[in-house]
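Subject: Structure for your review

Dear colleague,

Please find below the structure that I am handing over to you.

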Amino acid sequence: ASFTISLRPADNITVMIKQRPGVSPSCQIRVKNFIRSELKIKPGENVTFTFTYGGGTCSTPEKYFIMEIQKNIDCVSGPCPFGDVHLYPLGLPRLNRTFIWDVKASTKAGLELKFSTPWLRQIEPGEMCPDFISYNINSCIDKATVNIGTFCRNGSVSRVKLLGGVIMSLHLPWDSPLTTSGFNIANRASIKRLCIIESILKGESSITLMSPNYPLGFPEDELMTWEFVVPSNMRASVFFHNYSLSNCERKEQRVEYYLPGSLSNPEVFKLSSSQPANIAGSFNLSLQGCDQDAQNPGILRLLFQVVVQHPQIDENVTHLVDLSKEWNMTVTIHFEGWPNRVPLMSEPICLICKDPRTCDRVLTLVSGTIYKISFLCKDLSRLRITAEKDISCVDLRWCQRKIYSLSVPKAITQLPIRLHKFIWKLLAPDLINIEITSPSLKLQQHVPEQRCNTSYSYSIVSATPETGLNVGVFCPGGSIEKIQMRNNITISLKTFGKGFLNESNHQDLKMSFVPHIKDECTFTVRPDPKAKVYLQTPNWLYGLPPYVSISWYVVVPSKQVALLGFSKDRMDITCETGRAYVNVKEETLGAEETVRREDELLPKPRNMYHSFWVNISNCKPVDRTQLTLQFWVTFADKQIDLGMILGVVAGAGVVLAIGLTVCCVKKKKKSQTPMVGVYNANVNTEVPRKQNLFQKGRKNNESHVYAVIDDAMVYGHLLKESNGSVTPEVDVYRPFDGPMGSLPPSPPPLSFRKDIKRSSNTKEPLPLMDTDHDTYTFAHQKSGQSEDDRDTTEKNNGDTSMSLLENKEQDDLVE
């Protein structure tokens with residue numbers, strides 16, 4: 001197939017057929033008997049050619065060649081050809097082709113290009129049009145060329161006015177059916193600025209526009225204007241998405257608006273300011289450059305969006321946000337996904353307005369101010385609130401006495417928008433730590449075995465000098481009533497679903513500044529007696545930082561016993577420096593401390609009868625091993641010991657027998673010579689009392705030592721009178737000479753008492769039971785002492801013994 005191109009001299013058209021860049025020249029052009037790789041046809045020439053491939057016909061020349069058709073138009077020395085611009089010449093081969101119209105014009109009389117429907121849409125450099133048909137507009141002022149922009153079809157740009165000449169390009173793919181250029185040269189008019197771009201917006205829509213030469217930079221000290229035609233029943237808003245500023249030597253770079261109904265047109269804005277929104281009707285936007293610094297000019301560029309939408313039903317509904325009594329707090333209302341996600345230009349837009357003309361997708365409110373805000377949004381569920389509050393301690397004497405409430409203010413919860421996150425930044429000075437409490441709800445640690453299912457949770461992070469310590473995620477309704485930490489803390493409240501609006505009224509998280517604590521973090525846990533509590537070390541995903549020590553204080557109710565167990569057998573780490581330890585100790589006098597190192601097995605499940613401490617201290621692990629430990633606590637009611645019950649009953653029987661004997665002795669004493677009991681002057685016969693009745697510690701008195709006198713031994717003569725067959729023996733008990741603590745120790749087991757050695761002719765006494773759990777120490781009188789010595793002792797101390805027994809009986813009744 002051969003092609004013939006005839007160019008008339010008056011048309012001033014040049015046709016160039018070039019090899020396609022990056023493609024091997026397998027296909028060639030044959031003109032008569034000459035083979036060429038390129039072909040240029042000048043005005044007035046008539047050329048016939050074919051595409052050949054190895055001596056044959058090249059059936060797909062579009063793979064190897066492109067074509068440029070350039071037409072020069074002189075609007076300076078001759079009449080300007082107003083009207084539609086045609087695609088000429090006809091009968092061109094089916095190649096990717098670019099039509100170029102180079103129009104010369106005076107700067108005193110600019111050119112206006114008018115586009116037929118469906119108008120044009122500006123795109124960023126490098127972006128492709130869906131149908132691969134694109135327009136490129138360049139303005140020519142003297143010898144300078146400014147790229148106004150690249151456009152696709154189907155947009156809102158209806159006209160472009162340019163100062164001076166213009167180079168207009170239309171790129172068509174080889175298979176495009178387009179037969180018209182789609183624009184015309186309308187007229188000439190002096191505009192006194194670089195260009196004017198007219199954009200007609202119909203219905204709800206969104207358009208994106210860029211400054212000339214974007215992103216390379218707007219020309220120095222130039223002025224350009226965008227004219228937006230907006231239906232009167234619609235509202236338009238302007239958003240600057242990407243801009244940069246040049247370094248000005250003189251004048252000021254700015255944007256100016258001519259707004260409908262404004263009394264101060266033009267209204268001047270900085271590029272960094274929030275731009276006008278909710279504009280009712282057509283308006284103009286101008287970009288003004290400045291005289292740039294010759295040494296460091298910088299770049300002035302702008303990419304912005306104009307959104308047109310119907311007036312919202314609730315645009316006149318205002319919401320009062322009173323932050324006048326708040327301190328160091330900011331509230332940001334934003335779209336979902338902010339700031340990580342940038343919404344697509346085509347997405348429905350939600351605007352937040354702090355006055356009818358100041359609206360944006362993101363609005364930040366500061367404390368100390370009262371706002372009246374409104375929303376231009378069809379679906380408020382796409383909006384979120386993020387707030388941040390700083391609490392710091394300046395005066396140590398004042399801040400240690402103050403309790404701060406970590407609750408979301410009602411000014412936020414009353415808005416018809418979901419709270420996404422509320423962040424408290426707690427800043428503590430040196431030697432002062434932070435205590436977090438939840439008095440009524442208490443906190444539950446979120447662990448795999450015990451997940452939070454509430455509408456909100458707290459994420460607590462402690463900032464150490466070396467690294468951040470992620471303490472964990474907590475929610476209300478657990479067992480942790482207090483957390484103490486040594487460093488600055490960030491607490492983030494995050495909501496889930498819509499239930500937070502109702503539960504927000506019951507928040508009880510408190511914070512205060514406390515004196516220095518030893519460990520990095522200390523938990524106080526008061527579990528529900530019927531619950532199983534799981535607790536785990538902070539920084540669970542990454543392991544406890546090196547040399548960090550964490551403690552838990554678990555409160556055990558007096559009538560219950562706790563079962564403590566670890567979720568694994570070992571710590572599973574190897575220390576490079578130092579040692580890692582697990583310490584468990586009950587908070588009671590004389591309690592033994594259970595200590596395990598990282599190379600030892602962790603304690604097996606064990607019963608804890610008193611409140612206890614669990615401490616976990618880390619070393620510097622080798623390689624990438626990390627210390628992560630979890631333990632659990634359950635409760636059960638204390639079982640009543642049958643032996644203890646029998647001991648109490650036996651003790652009561654002995655006391656009753658002694659009481660009856662004393663009564664008999666009193667009656668006998670009236671008619672006989674008073675009998676003398678055995679008294680040991682080295683012991684204190686005071687009945688044991690509870691600890692809080694002692695005026696001094698047990699180490700400093702002898703209240704724990706008792707002289708127990710058997711009735712068969714003291715009153716043997718009475719028994720002799722009855723049958724004369726019993727030989728009384730006095731059994732004197734020596735005082736306990738072992739170590740004693742400041743708190744009453746627990747009673748020894750029954751088996752210990754049964755093993756006490758007694759005389760072969762002495763019957764085993766029933767065990768005694770003391771409600772204060774005092775330890776009784778027993779010792780027998782030596783068998784070498786004679787009965788005469790005992791009688792002598794009775795005579796000398798009879799009155800004293802009787803007084804002793806009477807006092808003991810009265811004290812027993814009191815007890």
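Leaving aside neighbours within four places in sequence, Thr537 is in contact (heavy atoms within 4.5 Å) with Leu544, Trp552, Ile616, Leu627, Thr628 and Leu629. This is a predicted model, in which local features need pLDDT of at least 70 and side-chain atom pairs count only at pLDDT 80 or more, while totals for chains, interfaces and linings use all residues. Residues are numbered from 1 along each chain as its sequence is written, and side-chain values use heavy atoms, with hydrogens and water left out.

Thr537 itself is placed in the loop between β46 (533–536) and β47 (549–554); strands are DSSP runs (E, at least two residues) numbered from the N terminus. Its relative accessibility is 1%, so Thr537 counts as buried. Buried here means under 20% relative accessible area, computed with a 1.4 Å probe on protein chains only, with exposed set at over 50% and partly exposed in between.

Disulfides

How many disulfides does the rule give? The count comes to nine, a disulfide being a pair of cysteine sulfur atoms within 2.5 Å. Three of these pairs are described here.

Cys75 and Cys80 form a disulfide with their sulfur atoms 2.0 Å apart. The torsion about the S-S bond of this pair is about 60 degrees, so the disulfide is right-handed. Cys75 is buried, at a relative accessible area of 2%, and Cys80 is buried as well, at 9%.

In the disulfide between Cys353 and Cys359, the sulfur atoms lie 1.9 Å apart. Its S-S torsion is about 110 degrees, and the disulfide is therefore right-handed. Cys353 is buried with a relative accessible area of 1%, and Cys359 counts as buried at 2% relative accessibility.

Cys452 and Cys475 form a disulfide whose sulfur atoms are 2.1 Å apart. Here the torsion about the S-S bond is about -90 degrees, so the disulfide is left-handed. The pair links distant parts of the chain, 23 residues apart: Cys452 is in the loop between β39 (443–445) and β40 (456–463), and Cys475 is in strand β41 (residues 468–476). Cys475 is buried, with a relative accessible area of 1%.

Nonpolar cores

In soluble globular proteins, nonpolar side chains tend to be buried together. A nonpolar core is taken as a set of buried Ala, Val, Leu, Ile, Met, Phe, Trp, Tyr and Cys residues joined through side-chain atoms within 4.5 Å. The largest such core has 82 residues, and those with the most contacts inside it are Phe49, Phe228, Phe283 and Phe304. Strand β28 (residues 298–309) supplies the largest share of this core, five residues. Another core, of 81 residues, lies apart from it and has among its members Leu406, Trp424, Leu535 and Trp552.

With residues up to four places away in sequence not counted, Phe49 touches, among others, Ala1, Phe3, Ile17, Arg30, Leu39 and Pro93.

Ile148 is found in strand β14 (residues 144–153) and counts as buried, at 0% relative accessibility. Ile148 and Cys195 are 47 residues apart in sequence and 8.1 Å apart in space, C-alpha to C-alpha. Cys195 is likewise buried, with a relative accessible area of 0%. Beyond residues up to four places away in sequence, Ile148 touches Gln122, Ile137, Asn138, Ser139, Leu162, Cys195, Ile197 and Pro212.

Yours sincerely

Methods. Helix = DSSP H or I, 4+ residues; strand = E, 2+ residues; numbered from the N terminus.
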